Amino acid sequence: MRNIDFSPLYRSAIGFDRLASLLDSMNSADQNQPAYPPYNIELTGEDAYRISMAVAGFDQSELDIQVEQNRLTVSGKKPADENQRNFLHRGIAARNFERRFQLADHVKVVDAQLSNGLLHIELVREIPEAMKPRKIEISSGKLLQSSTSAPKAVTSDGEQDKGEQAA
């Protein structure tokens, strides 16, 4: 059993409280979550992932996938079996389940497919343009000679602002 004390992080780091609470909740969620159904998480590209879950015996109409506040929830609900069958051995699990995954910021579910008893959920990390690194051009211009003179305002077409010319 892993118990991690995050209190030193709370005392010395500012603004990381969300990360620490996420780690704390992930630790407790792992202990409470059952192992059924089994699943794999694959890295299929630089920013692409696939979750594959073994959901043999479930029909597409019995599965539900929801995303809410960076939490992916996959659940399966089997209807009550009207036929009373007498099993000598029951090795195929056909019980209801709910599996939760915590998604990072900007990770989106783009597709889900059910094939041969496996549910494949495709995810992509889409980083907004504002957060991507950008190159800043360096111009070779002269520095201002006097620290008392204010810089001149230039419009988008390269001309001086009319208010600046009047001064």
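Which residues do ring pairs link into a cluster? In this predicted model, where local features need pLDDT of at least 70, side-chain atom pairs count only at pLDDT 80 or more, and totals for chains, interfaces and linings use all residues, the cluster consists of Tyr36, Phe58 and Phe97. Residues are numbered from 1 along each chain as its sequence is written, and side-chain values use heavy atoms, with hydrogens and water left out.

Searching the whole structure gives three aromatic pairs, where rings of Phe, Tyr and Trp (its six-membered ring) pair if their centres lie within 6.5 Å, with planes under 30 degrees apart called stacked, over 60 edge-to-face and the rest tilted. One of them joins Tyr36 and Phe97, edge-to-face at 6.0 Å centre to centre and with 90° between the planes. Because Tyr36 lies in the loop between helix H2 (17-32) and strand E1 (39-45), while Phe97 belongs to strand E5 (residues 97-102), this pair ties together parts that are 61 residues apart in sequence; helices (H or I, at least four residues) and strands (E, at least two) are DSSP runs, numbered from the N terminus. Tyr36 counts as buried at 13% relative accessibility, and Phe97 is buried at 7%, where buried means under 20% relative accessible area, exposed over 50% and partly exposed in between (1.4 Å probe, protein chains only).

Tyr39 and Phe101 have ring centres 5.1 Å apart and planes at 90°, so their pair is edge-to-face. It links Tyr39 in strand E1 with Phe101 in strand E5, 62 residues apart. Tyr39 is partly exposed at 35% relative accessibility, whereas Phe101 is buried at 9%.
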